[in-house]
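Please read this briefing alongside the sequence and the coordinates. The notes after the structure are grouped by topic.

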Amino acid sequence: MNKNIKQLFLLSNPIFYSNQYFHLGTPLCFHFMKKQTAIDPEIAKIREERKRRKLEKAIIKLKQYGKKPKPVEEIGIDVKLLNTLDTRRRTSELINEEDEVRRIVVLKEYARSRVLLANENVRWIRDAMKCQIRALEVLKAASPDLYTAAVKSEQCGLPSIMEGPPLTPPIENYRSPDGDYADITKQWVQPELPLLNKKFGVGTLIKTPTFQKKLQEQKKNQEENLKKKTAFA
């Protein structure tokens, strides 16, 4: 009995057992969860529509900030040329039968004249070579020394050999440049997706698995619709 009284006394006065690292805490208080109130279906529908609009905006934003290819300046077209593209196009003119026949006749005459000119050039070269051979034969019979001199190949300054100083002497009072230069090369930076939390408040919602499932279902529906259209066609 005395032992129980002592324990009650110690429990009522925590100062006496604070040295023993024992203490009494306050009872944990709790409250019941708030009862869920019934929501009007129209209000719930409006909220769902708002969420859907936010998701659509986020999808459009994601498509805009997709991976863009690096632009090539050599392939790019000037904006001024694109604006004046219609004025630079030429329409093909229709040709009459008479004009077409006349053009064919002119082309045939031109081709015939070119063939005659080529034959004349070949004939002139052949005659010149025959005359050269005949002249060399006459020269050989007259004087063999002149014939050997005429037949000997000309050097024409080849091969040429030049000798000079291997190193140029230093220039007096020459100031070498510092070597500093300004790098003006254009750096391509891939555009990054801005934080959608600030603009739409759905940045974290896009990463959720439910949103990903909805996207997959939407893609499947689009593919099925395309298959149906092709089947009907």
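Buried stands for a relative accessible area under 20%, exposed for over 50%, and partly exposed for the range in between, with a 1.4 Å probe and protein chains only. This is a predicted model, in which local features need pLDDT of at least 70 and side-chain atom pairs count only at pLDDT 80 or more, whereas totals for chains, interfaces and linings use all residues. Residues are numbered from 1 along each chain as its sequence is written, and side-chain values use heavy atoms, with hydrogens and water left out.

**Fold and confidence**
- The protein has 9 helices and 0 strands, where helices (H or I, at least four residues) and strands (E, at least two) are DSSP runs numbered from the N terminus.
- The average pLDDT, the predictor's confidence in each residue from 0 to 100, is 75 for the protein, and 68% of the residues score at least 70.
- Among the elements, α5 has the highest mean pLDDT (94) and helix α7 (residues 196–199) the lowest (48).
- Over residues 195–203 pLDDT stays under 50, and the model has 16 contacts beyond four places in sequence for them, a contact being heavy atoms within 4.5 Å.

**Packing and surface**
- Of the 233 residues of the protein, 5% count as buried, while residues 24 or more positions apart account for 55% of the contacts with a separation of 6 or more.
- The accessible surface, calculated by the Shrake-Rupley method with a 1.4 Å probe, where for residues only the protein chains shown count as cover, comes to about 24500 Å², and 58% of that belongs to carbon and sulfur atoms.

**Salt bridges**
- A search of the whole structure finds 2 salt bridges, each defined as a side-chain nitrogen of Lys or Arg within 4 Å of a carboxyl oxygen of Asp or Glu.
- One of them joins R89 to D86, with the closest N and O atoms 3.9 Å apart, and both R89 and D86 are exposed.
- D99 and R102 also meet through their side chains in a salt bridge (3.9 Å, N to O); these two residues are separated by about one helical turn because they lie 3 residues apart in helix α5.
- D99 is partly exposed, with a relative accessible area of 30%, whereas R102 is exposed at 52%.

**Position E137**
- E137 lies in helix α5 (residues 97–142) and is exposed, with a relative accessible area of 53%.
- The C-alpha atoms of E137 and Y147 are separated by 8.5 Å, the two residues being 10 residues apart along the chain.
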